[in-house]
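I opened the notebook to record, sheet by sheet and then helix by helix, what I looked up. The entries follow the order in which I went through the model.

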Amino acid sequence: MTDSNETDVQIDALRSLLRQGDIAAFRESFLDWHSYEQGQFYLELSEEERHIVYSYLSPEELADMFDMIEEEDEDVKEYLAEMRPSYAAAMLGHMYPDNAADILKQLDKPAVAQYMSIMAAEKALDLKELLHYEDETAGAIMTTEYVSIVANQTVKSALNLLKMKAKKAEIIYYVYVIDESEHLVGVISLRDLLVGEDDEMIFDIMSERVISAKIGDGQEDIAQVIRDYDLLALPVTDYDDHLLGIITVDDIIDVIDDEAASDYSGLAGVDVDVTNENPLKASSKRLPWLITLLFLGMSTATLINHYEVLISEASILAVFISLITGTAGNAGTQSLAVAVRRLAVSDDKDENFLKLILSEIMTGVLTGLITGLVIFVVVGIWKGNFILGLVIGIAMFCAIIVANLAGSLIPMLMERLGFDPAVASGPFITTLSDLTSVLIYFNIAGLFMNFFIN
């Protein structure tokens, strides 16, 4: 389904089959769709219609669809609560373990215990292990459904094993090689297996250089590795190199998407993932941050009030307050965005901190100097007072340097302290830049008062 109009027609037709109770026709049409399309159809249904779907589809068929659904936590809880516990547990048991574990983490403990007690013991054990890993680590996003072979077997026996286990594996493009103690010792591609001679030994054709992750590695670092090496999957081991699971590229795409949304949310000071909240709920989430910034902004207003005498003597100064604070705020936000991005993609975590500081100072000096010169000329010609233009230009120059440094160094400091650098959001940096810009502006103006007061 590609054309939106055609999609709407097909959804309406399928919905009619659902309501008419034509089970055979509904199943034939529904199961012919891709799992993603099935999920999108399911999300459009009412609770009454979803109950009919549960009676038409087996838990295994619904599991394929739920593997593709990415919804808000409260929605997933609602969907599971609608199902009979035995049906929901069976569905979770047929899902990929990493996806099922993600859903279970959103539920309260009694509900998790209920589902785990009903589902097959082997599935419950796999999920229990995944639930114990810390969020946003390799253990939390890996799947335990993979295929491994031993090094001292032939290609023919490995292919036979692969045929038996492939159906349950999430991905088989890479086959991981272990020794008798289940240590990861190599990797072989499906292509190499297929073209290998039947009597060749695995240890002769496998690659011993395996790119892998440790169970406690952060998901951002793992995403970086998969991106750098163009991998479809990454094996996960414990700290003794025992193979525990694999992380597939589809999960890493989700990680990259989540991290990008998180960074953008931090820069904007609002959760950008939530787009369909009612106004009351949306405002309740935004207000705390706005109120905090309001009180921080009050310090800027207080500072301006402190220079009331200076402004009364040279009222022309008030004209340029917003110009200086706005430009400095923009410079700080630009610097912040670059700093957060650099921290996200940097391979060298021990990069020379002093070198970064000097780089940001030079960037601030260059941008501040050019901007300051431009505003000096513009104000000098506009107001016929080049001393006033000089004051505005110097203030602009200094304010941009300070804002540039704040936008770069605050995220770096947060990252070194173990916090998410994106928390140093755009609104916060802008408000902080306002405060420092006003302070710089009026102190410089005070030094030149006698030169431009008529």
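Predicted model: local features only at pLDDT ≥ 70, side-chain atom pairs only at ≥ 80, totals over all residues.

Residues are numbered from 1 along each chain as its sequence is written, and side-chain values use heavy atoms, with hydrogens and water left out.

Entry: sheet S1-S2-S3.
I looked up the strand order and found an open sheet of three strands, S1-S2-S3, with mixed pairing. Its edge strands are S1 and S3, each of which pairs on one side only. Direction ignored, neighbouring strands of this sheet are turned by 35 degrees against each other on average.
I then followed the parallel pair, in which strand S1 (residues 148-150) meets S2 over three bridges. Ser148 has Tyr176 in S2 as its bridge partner, and Val150 stands opposite Ile178 in S2. Between these strands the chain passes through helix H12 (residues 155-165), and the β-α-β crossover is right-handed, a term meaning that, with the strands pointing away from the viewer, the path from the first strand over the helix to the second runs clockwise.
On the other pairing, S2 and strand S3 (residues 184-189) are antiparallel over five bridges, and Ile178 stands opposite Leu184 in S3. The two strands form a hairpin with five residues between them, and Glu182 in the turn has a positive phi of about 65 degrees.
How many residues of strand S2 (residues 174-178) are buried? I found four of the five buried, so S2 is largely enclosed by the rest of the structure; buried means under 20% relative accessible area, exposed over 50%, and partly exposed in between (1.4 Å probe, protein chains only).

I placed Arg209 in the loop between helix H14 (202-205) and S4, and recorded it as exposed, with a relative accessible area of 64%. Its C-alpha atom is separated by 6.6 Å from that of Gly186, 23 residues apart along the chain.
Three strands form an open sheet in the order S4-S5-S6, with mixed pairing. Strand S4 (213-214) and strand S6 (243-248) stand at the edges with a single partner strand each, so one side of each is left without a neighbour in the sheet. S4 runs parallel to strand S5 (residues 233-237), joined by two bridges, and Ala213 has Val236 in S5 as its bridge partner.
Helix H15 (residues 219-229) packs on this sheet, touching S4, S5 and S6, where contact means heavy atoms within 4.5 Å. The direction of H15 makes about 135 degrees with that of S5; axes are lines fitted to C-alpha atoms, for helices over the stretch in contact, and angles run from 0 to 180 degrees between N-to-C directions.

Entry: helices H3 and H5.
I checked helix H3 (residues 35-43) against helix H5 (residues 59-66), whose axes come within 7 Å and cross at roughly 95 degrees. That makes H3 roughly perpendicular to H5, the term covering 65 to 115 degrees, with under 35 roughly parallel, over 145 roughly antiparallel and the rest oblique. Ser35, Gln38, Gly39 and Tyr42 in H3 meet Asp64, Met65 and Phe66 in H5.

Conventions: Pairing = 2+ DSSP bridges.
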